[in-house]
Amino acid sequence: MMKTITGDLLDLAVEGRFDVIVHGCNCFCNMGAGIARLIKQRFPAAYAADLATTKGDRGKLGTFSAAEVHTEGVSFVIVNAYTQYDWRGEGVKADYAAIRSVFAAVREQFAGRRVGYPLIGAGLARGDWTRIAAIIDAEMQGADHTLVTLPTAS
């Protein structure tokens, strides 16, 4: 079952709270907005892993690239999850089948590790979080996984 905590996913990873963090990406090697932009700036190895994939390849949907990060005495893996094709235009950009496929692969490849993620697909990709959360819970059943939400401004 999905745990939920409030905080900064990247800071929590650096503090050693997670072995793996997963964030949603488009298939165009941009990492130009949202948490992807922050990851690109703070952990260039994750962006390099994204750039090592084919820009604009629709076949990336439902797969991921990954980079192991070593910082401040801590190591963790950043998973660039290809959960939307692009970012242009109106409407929902989140691809629910891709989200399902990515989390099934994350569960298999990172079994036994602590996985953290933001509201993947529900922010800039405009997906339905209730639907996405159900997908993640189903695919990560039995795994140690945590949604990290940002604190709300008061």
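This is a predicted model: local features need pLDDT of at least 70, side-chain atom pairs count only at pLDDT 80 or more; totals for chains, interfaces and linings use all residues.

Biologist: What makes S3 and S4 a pair of strands?

Modeller: Strands (E, at least two residues) and helices (H or I, at least four) are DSSP runs numbered from the N terminus, and two strands pair if DSSP finds at least two bridges between them. S3 and S4 have eight bridges and run in the antiparallel sense, so they meet the rule for a pair. Within this pairing Phe64 stands opposite Ala81 in S4, and Val69 has Phe76 of S4 as its bridge partner.

Biologist: How do you know that S2 pairs with S5?

Modeller: S2 and S5 (residues 115–117) are joined by two bridges and run parallel, and because at least two bridges are required, they count as paired. Ile21 stands opposite Gly116 in S5. S2 is also joined to S4, by six bridges and again in parallel, with Tyr82 in S4 as the bridge partner of Cys25.

Biologist: Which strands are called edge strands?

Modeller: The open sheet has six strands in the order S1-S6-S5-S2-S4-S3, with mixed pairing. S1 (3–6) and S3 (64–71) are the edge strands, since each pairs on one side only.

Biologist: Why is S4 called mostly covered?

Modeller: A residue is buried under 20% relative accessible area, exposed over 50% and partly exposed in between, judged with a 1.4 Å probe and protein chains only. In S4, eight of the nine residues are buried.

Biologist: Why is the contact of Asp11 with Arg42 called a salt bridge?

Modeller: The term requires a side-chain nitrogen of Lys or Arg within 4 Å of a carboxyl oxygen of Asp or Glu. The closest N and O atoms of Asp11 and Arg42 are 2.8 Å apart, so the pair qualifies.

Biologist: What makes Asp11 and Arg42 partly exposed?

Modeller: Asp11 has a relative accessible area of 32% and Arg42 has 36%, so both values fall between the two cut-offs.

Biologist: What do Asp19 and Arg114 tie together?

Modeller: Their side chains meet in a salt bridge at 2.9 Å, N to O. Asp19 lies in the loop between H1 and S2, and Arg114 in the loop between helix H4 (96–109) and S5, so the pair ties together parts that are 95 residues apart in sequence.

Biologist: Are Asp86 and Lys93 buried or exposed?

Modeller: Asp86 has a relative accessible area of 16% and Lys93 has 17%, so both are under the cut-off and count as buried. These two residues form a salt bridge with closest N and O atoms 3.7 Å apart, and Asp86, Arg88 and Lys93 are linked in a network of salt bridges.

Biologist: What makes a space a pocket?

Modeller: On a 1 Å grid over the protein atoms alone, a pocket is an open set of points with protein on both sides within 12 Å along at least five of seven lines, whereas in a cavity a 1.4 Å probe fits but cannot get out; lining residues have an atom within 4 Å of a point. The largest pocket holds about 680 Å³ of space, a volume being the space filled by probe spheres set on the points, which are joined across faces, edges and corners. Its lining has 31 residues, and Ala33, Gly34, Ile35, Ala36 and Leu124 lie nearest the centre. H2 gives the most to this lining, with four residues.

Technical notes
Residues are numbered from 1 along each chain as its sequence is written. Side-chain values use heavy atoms; hydrogens and water are left out.
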